Amino acid sequence: MSVLKTKEPSRLFDAPGPKAAARQRVYSVFAALAAAVLLAWVYLGFNRTWEVVRADPGALLGGDVWRPAEDGQWTADKWEPFLDPTLWTGMVLPGMVQTLTAAGISIVLAIVFGLVFGIGRLSDHAWIRWVCGTVVEFFRGIPLLMLIFFTLAAPLAANQLFGVPFGTFLVTPLTAVVVGLTLYNGSVLAEVFRAGINSVPKGQSEAAYSLGMGKTQVMGLILVPQAISSMMPAIVAQLVVLLKDSALGYIVAFPEMLRSFSLIGTRFQNVIPAAIICALIYIVINVSLSRLAIWLERRNARRGKVSAKATVAPGVPGVAPTDVVADTTATPEDPPKG
Amino acid sequence: MEAFLANFNVVIDGFSWTIRLTAISAVFSFALGIVLTAMRVSPVPLLRLMASVYVEAVRNTPLTLVLLFCGLGLNSALGLSFAESVEWNVYWLAVLGLSAYTACFVSEALRSGVNTIPFGQIEAARSLGLTFMQNMRLIVLPQALRSVIGPLGSVLIALTKNTTVASVAGLGVQEASREMKLMFDQGVVPVLPTFIGFAIGFLVLCLPMGWIFGTLSKRMAVAR
């Protein structure tokens, strides 16, 4: 919501004169009206009084259709369950813990996966580069949900391929979600890491080699530590993606937060309040994480470092666009660097 | 492999829904994304506020929740229905959810494109007396669109992959990943070849997109 606070004139228009200000007021009124109509429709729809209005539009002027109806979603009864602390401790928190567990394990594993394959793509041996490249491109190119489904079917696959009897190993929904999230986000991070390592000035590794360090030493002692700070914003931004994607666990009956709210919605017949509160929780967490990522990036910029930035889209990062997007951080609003 | 080939019709059917979801959602999300971007850079504060609240809210909500809301909220609770047949009704509901969600990312990409345009050009246009709309239409958007072809390609690929979420219970579009899940659940198909088959299907859809958009973005790049 940085837009709200910007007082400096935008790049696309001047400060409005009296005529333009009057015109803008007219536009504002129209926009407000349109929004009000949309909100009223949604409100009445979930209030179950839309049918009444459709039969008799005059009812809009009376107060009856606007009052929260008994069988609608806005009545206090539907919201009351959320005032009960036992609902939060008994249903919401366990779900949230599961979501955070899945996200926490996955981000750690994804960072390891990303490091291994990101460095692998920079290897001197062509076959290692090739294998790592194929793995990364494959997991980045297929939908995460398919990875989760496949992991769940792994016992069946093992049975078909190797004759492993059923029950030898079990794949819980948590495992499936963690495996899926790790492989997908790890592949995305591998690209980030590669870009981050490449962004370390060449003189650094040359100096290290001339000091007599080996390849592993140069990578482990010189390149990776320096690259990490430039990758932090991208890692935090990826955490947002990961957290949102953990909600896919809902589809495979993983008892995460979305499932908790879905159960609440079924139990108390308050689907809409449950959906709104669930969305709010996700939004608060994700907006805070995004803020953190932006802050880390600004800090890097202040210190004269470039941030490795790969994700531009909810999923696939940089088809080739990163150069374009990376430049945009240097808009005139940004403080001068250095 | 034979079992997989025997099911080939089902596979084709699944991917036809995937493609339909992708194509139509891409059109709607692009249109909505342009509107949102225009609102976010417009001189009217209220429009800026509305668009940024929308984008911040929807983009930080899991897609699963958005689509679930379309199925359970809009359809079951609000009674919103697009078509007589269940199959097409859930399809349009999924398109609605996917478009509403993807539009945020389109808007983010476009806005970053608007930011790449040098200050001087916009000032020059203004000093020639171009209005905001003329400025957008003649100067800003043509260049912005060209510089965001790459990012928009990424958004399109992400959308293609996100259509799998439309298989969520309460919506249940019969797209490719759902067909795969159903095959696994029946337990007769060979799992690994089936998975690889479906994965290749998605790669066949996504890789050319990445390639085309990558080439286009290089060819259309604005030389500065």
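**Notebook: chain A and its side towards chain B**

I began with A:Arg48, which sits in the loop between α2 (18-46) and α3 (50-55) of chain A. Helices here are DSSP runs of H or I with at least four residues, strands are runs of E with at least two, and both are numbered from the N terminus. The model is predicted, so local features need pLDDT of at least 70 and side-chain atom pairs count only at pLDDT 80 or more, while totals for chains, interfaces and linings use all residues. Residues are numbered from 1 along each chain as its sequence is written, and chains are lettered from A and ligands numbered from 1 in the order in which they are written.

**Two positive phi values**

I looked up phi for A:Arg48 and found a value near 65°, positive in a residue other than glycine. Is A:Arg48 buried or exposed? A:Arg48 is buried, because 20 other C-beta atoms lie within 10 Å. The cut-offs are 20 or more other C-beta atoms within 10 Å for buried, 12 or fewer for exposed, and partly exposed in between, with C-beta atoms placed from the backbone.

A:Ala253 is not a glycine either, and its phi is positive at about 60°. I located A:Ala253 in the loop between α11 (215-245) and α12 (257-268) of chain A. A:Ala253 is exposed, because it has 11 other C-beta atoms within 10 Å.

**Chain A overall**

I noted 14 helices and zero strands in chain A. Buried residues make up 39% of its 338 residues. For contacts I used C-beta atoms, placed from the backbone, within 7 Å. Of the contacts in chain A with a separation of 6 or more, 71% join residues 24 or more positions apart.

**The side that touches chain B**

I found 60 residues of chain A in contact with 67 residues of chain B. Which element of chain A gives the most to this side? α13(A) does, with nine residues. By class, the side of chain A has 45 nonpolar residues (Ala, Val, Leu, Ile, Met, Phe, Trp, Tyr, Cys and Pro), four charged (Asp, Glu, Lys and Arg) and eleven polar (the others, Gly among them).

Notes: Contact = placed C-beta atoms within 7 Å.
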